[in-house]
Amino acid sequence: MIREPLHTPVAHLIRGGVVEGIHYGSVVVLGADGAVQLQLGDIEAAFYPRSALKPVQAVAMVRAGLPLDGELLSLTAASHSGEERHLVGTRRILELAQVTEDDLRNVPDLPYDPVVRDAWVREGRLPSRLAQNCSGKHAAMLYTCKLNDWPLEDYLDPGHPLQQAIAEIVEDLTGQRVARVTVDGCGAPLFSISLHGLARAVARIAAAPAGTPEARVAGAMREHTEMASGSGRDVAALMRAVPGLLAKDGFEGVQVAALPDGRAVAVKISDGANRARIPVAAAALARAGVDPAALAEFAGEPLLGGGEPVGSVRPVRALDPHTHTYA
């Protein structure tokens, strides 16, 4: 039986000086030596990292022979917005693999970005596997299978050689056994680990020696931030703002980020609230030693009343010691 995580308050929703709401969750900050510098909540309980695990999946595919680099490798680790660049890139990976969109097994969907999605609907375009935000990963999975002479039809089966290889690398980089396997929103196997293990894995990728599969993935995501996410996405802006940062978000309030020296943070917002994810992660990065001035734009969107700012989402004092008052 997987135990219930013992989350704790990590952010307050402040309206007019009053705590209107509380976001519970867990946070871990690792030092360059891998030691836990700060923890809130339950960092050892099994949880699903969702798309925050994609850099690890990408490393597994590169270790299995995937020859992609640059924009296409960044797209392999992406939760993309469905912009034209993402569709073109995914088609390119499929062409390199000598397969077609019909070979993809991710679920059809509309683009993730609301502006792109609205334009897509106005044009009368239907949901597609190509537009779904995990299509780059799935195209790369097919390419990896072709290179290894693995079956294509059942590449999402947890028992498939590709998914077994990914599970092995998940355990290698996290340093722990997978607690449970289920199905992610896109249809791919999803591996349950701890928040601590997720931070450890991304720290190892961010700090890996040049030329390794880990360094290739990290470099591609850093150099092509919008290919790994999209225009206007907060995770791309965060990587641009902090030199050398590797960052990846995941549904249900997950965020992980790591620096080239191995410092790392991981966040899980228990209710999945997106509005608390980045402010809490930014506060954790400041606790890890990142210059707070570089993180100022990630303090969170203001809470409006009558069209005017009347409050905000603020990390708890244990994360942000400078939060002295809610007035």
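Analyst: Cysteine 186 is buried, with a relative accessible area of 1%. Keep in mind that this is a predicted model.

User: Is cysteine 134 buried or exposed?
Analyst: Cysteine 134 is buried, at 5% relative accessible area.

User: How many disulfides does a search of the whole structure find?
Analyst: It finds 0 disulfides. Cysteine 134 is in no disulfide, and its nearest cysteine sulfur, that of cysteine 186, is 3.9 Å away.

User: OK, helices now. At what angle do H1 and H5 pack?
Analyst: Helix H1 covers residues 54–63 and helix H5 covers residues 135–147. They pack at about 20 degrees, with their axes 10 Å apart. Angles under 35 degrees count as roughly parallel, so that is the label for H1 and H5.

User: And the handedness of the crossing of H1 and H5, what is it?
Analyst: The crossing of H1 and H5 is left-handed.

User: Which residues make the contact?
Analyst: From H1, they are Lys54, Gln57 and Met61. From H5, they are Lys137, Ala140, Met141 and Thr144. By class, the contact of H1 with H5 has 3 nonpolar, 2 polar and 2 charged residues.

User: How many residues of H1 are buried?
Analyst: H1 is mostly covered, with 9 of its 10 residues buried. Among them are Lys54, Gln57 and Met61. The buried residues also include Pro55, Val56 and Val59.

User: What follows H1?
Analyst: Glycine 65 follows H1, and its phi is positive, near 110 degrees.

User: Another pair, please. How do H7 and H8 pack?
Analyst: Helix H7, residues 195–206, packs against H8 at an angle of about 85 degrees. Their axes are 7 Å apart. H7 is therefore roughly perpendicular to H8.

User: Which residues make that contact?
Analyst: H7 gives Arg204, Ile205 and Ala206. H8 gives Glu214, Ala215, Ala218 and Arg222. The contact of H7 with H8 has 4 nonpolar, no polar and 3 charged residues.

User: What comes between H8 and H9?
Analyst: A loop, and glycine 232 is in it. H8 runs 213–223 and H9 runs 234–241. Glycine 232 is exposed, with a relative accessible area of 78%.

User: How far apart are glycine 232 and serine 81 in space?
Analyst: They are 9.5 Å apart, C-alpha to C-alpha. In sequence, glycine 232 and serine 81 are 151 residues apart.

User: What phi does glutamine 98 have?
Analyst: Glutamine 98 has a positive phi of about 60 degrees, although it is not a glycine. Glutamine 98 sits in the loop between helix H3 (84–97) and helix H4 (114–122). It is exposed, at 68% relative accessible area.

User: And glutamate 252, what is its phi?
Analyst: Phi of glutamate 252 is near 65 degrees, a positive value in a residue other than glycine.

User: Where is glutamate 252?
Analyst: Glutamate 252 is in the loop between strand E7 (246–250) and strand E8 (254–258). At 41% relative accessibility, glutamate 252 counts as partly exposed.

How values were computed. Residues numbered from 1 in each chain as written. Predicted model: local features only at pLDDT ≥ 70, side-chain atom pairs only at ≥ 80, totals over all residues. Heavy atoms only, no water. Axes fitted to C-alpha atoms, helices over the stretch in contact; angles between N-to-C directions. Helix = DSSP H or I, 4+ residues; strand = E, 2+ residues; numbered from the N terminus. Parallel < 35°, antiparallel > 145°, perpendicular 65-115°, else oblique. Left-handed = near helix turned anticlockwise from the far one by under 90°. Contact = heavy atoms within 4.5 Å. Nonpolar A, V, L, I, M, F, W, Y, C, P; charged D, E, K, R; others polar. Disulfide = S-S within 2.5 Å. Buried < 20%, exposed > 50% of the residue type's maximum accessible area, 1.4 Å probe, protein only.
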